[in-house]
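This report is written for someone meeting the structure for the first time. It begins with the chain as a whole and then turns to a sheet and a helix.

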Amino acid sequence: MGKELNCSVRFGKQQSEGKALLETSEILFRGEFRLKIPFSTIKSVKAVDGELRLQTPDGLAVFHLGAASEKWCDKILHPKSRIEKLGVKPGAKVALLGEFDAEFLREVGSLTKTVSKGKAASDSDWIFIAADSKPDLGWLSKISKSMQGASPLWIVYPKGQKHITENDVLAAGRKAGLKDVKVVGFSPTHHTALKFVIPLASR
């Protein structure tokens, strides 16, 4: 979930009013024509006189964003890392349940040495659950009871699978009394992370 703005876009001989969406790793446009431009394919990006100018392999895309053009330019040039998007702070107490890729373990380890695996202590600042199937969601009710304050619980699950879907994850979180507040692309092609917290009224 990213930023969105109504704007005009020029791409080659096409021009249209529509909605631009700045996601974590791509920029989208939906109008009389559609664009999907991954950051990784952009050859150059500039903000000039209220225009965001993106040089793509298929030509120049010009987004008329006004004052927002420089902010969007900066976010494309300096996208947040995965660990920044997940919000983990240096020195935090992190609990990991399930199997995570080595790169993620390295990212967490570079921020904090207080990492518990296979269990979630009641004073954990961040909890991550790797859910590869619906049975992996079974321990949610127990973990939710040990959560305190605004500490988040992230459920990481595979994209586009029938054996575990976003609805399955949402239903399990809500059944455990938690509120879903954010979604982040955990890996470009394979996994999504959903963030849950204790509702304000229950803290």
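## Surface and overall build

The protein chain exposes about 11400 Å², and carbon and sulfur atoms supply 51% of that area. The model is a predicted one, and in it buried residues make up 43% of the 203 residues in the protein chain.

Taken along the principal axes, the box filled by the C-alpha atoms of the protein chain is roughly 55 × 35 × 35 Å. The protein chain has 5 helices and 13 strands. Of the contacts in the protein chain with a separation of 6 or more, 52% are accounted for by residues 24 or more positions apart.

## The open sheet

Seven of the strands can be followed across an open sheet, where the order is β4-β3-β2-β1-β7-β6-β5 and the pairing is antiparallel. At its edges lie β4 (34-38) and β5 (44-48), each of which pairs on one side only. On average, and with direction ignored, neighbouring strands of this sheet are turned by 25° against each other.

Strand β3, which covers residues 26-30, runs antiparallel to β4 and is joined to it by 5 bridges.

Helix α3 spans residues 102-111, and within it F104, E107 and V108 are buried. Seen down the axis of α3, these buried residues fall within an arc of 95°, so they line one face of the helix. An α-helix has 3.6 residues a turn, so residues three or four places apart point the same way. On the other side of α3, by contrast, A102 and S110 are exposed.

What do the buried residues of α3 pack against? Their partners are the helix α2 (82-86) together with the strands β8 (94-97), β9 (115-117) and β10 (126-130). The N-terminal end of α3 is capped by D101, which has a side-chain oxygen 3.1 Å from the backbone nitrogen of E103.

How values were computed: Residues are numbered from 1 along each chain as its sequence is written. This is a predicted model: local features need pLDDT of at least 70, side-chain atom pairs count only at pLDDT 80 or more; totals for chains, interfaces and linings use all residues. Side-chain values use heavy atoms; hydrogens and water are left out. Two strands pair if DSSP finds at least two bridges between them. Helices (H or I, at least four residues) and strands (E, at least two) are DSSP runs, numbered from the N terminus. Axes are lines fitted to C-alpha atoms, for helices over the stretch in contact, and angles run from 0 to 180 degrees between N-to-C directions. Buried means under 20% relative accessible area, exposed over 50%, partly exposed in between (1.4 Å probe, protein chains only). The arc is that of the directions from the helix axis to the C-beta atoms. Contact means heavy atoms within 4.5 Å. A polar contact is a pair of N or O atoms within 3.5 Å; within protein, one must be able to donate a hydrogen and the other to accept it, and residues adjacent in sequence count only if both atoms are side-chain atoms. Accessible areas come from the Shrake-Rupley method with a 1.4 Å probe; for residues, only the protein chains shown count as cover.
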